[in-house]
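Me: I would like to learn how to read a structure like this one. Can we go through it feature by feature?

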Amino acid sequence: MGPFQILGLSDNADIEMVNRRWKELALVHHPDVGGDAEKFQELREAYVEAREIASDLPCTECGGSGSIKRGSGFSFMKLPCPSCGGTGERKPTNGNDSNEE
């Protein structure tokens, strides 16, 4: 079973969905709140792997190219993608993706 399935997510889940699901599961399965330590460790390992995979997915707005076309008629301009800042990679919206626990 893959990391996304362990977390109960689809294989194309983005980084925000992975982080949200991890927080939900951690609140239930953390040993400090009466959860099983082995189950928590399995979920944590799946979360780390799923987060790494999800962060490597391309930006959904520009398709990973880092730029978008804007214009009308016969005149178009290539502009940096506002979602990824021109990198072509998905950016977390909450800025807390480095917090593993």
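This is a predicted model: local features need pLDDT of at least 70, side-chain atom pairs count only at pLDDT 80 or more; totals for chains, interfaces and linings use all residues.

Me: Which pattern does the protein follow along the sequence?

Reply: The pattern reads α-α-α-β-β, with three helices and two strands in the protein.

Me: Which residues touch the most other members of the largest nonpolar core?

Reply: In soluble globular proteins, nonpolar side chains tend to be buried together. Here the largest nonpolar core has 15 residues, and Phe4, Leu7, Leu9, Val18 and Trp22 touch the most other members. Helix H1 (3–7), helix H2 (15–29) and helix H3 (37–55) each give two or more residues to this core. H3 gives the most, with six residues.

Me: Is Asp11 buried or exposed?

Reply: Exposed means a relative accessible area over 50%. Asp11 has 51%, so it counts as exposed. Asp11 is in the loop between H1 and H2.

Me: What does Asp11 touch, not counting residues up to four places away in sequence?

Reply: Asp11 touches Phe4 and Gln5. With Gln5 there is a polar contact, side chain to side chain, at 2.6 Å. Asp11 and Ala54 are 43 residues apart in sequence, and their C-alpha atoms are 8.9 Å apart in space.

Key: Residues are numbered from 1 along each chain as its sequence is written. Side-chain values use heavy atoms; hydrogens and water are left out. A nonpolar core is a set of buried Ala, Val, Leu, Ile, Met, Phe, Trp, Tyr and Cys residues joined through side-chain atoms within 4.5 Å. Buried means under 20% relative accessible area, exposed over 50%, partly exposed in between (1.4 Å probe, protein chains only). Helices (H or I, at least four residues) and strands (E, at least two) are DSSP runs, numbered from the N terminus. Contact means heavy atoms within 4.5 Å. A polar contact is a pair of N or O atoms within 3.5 Å; within protein, one must be able to donate a hydrogen and the other to accept it, and residues adjacent in sequence count only if both atoms are side-chain atoms.
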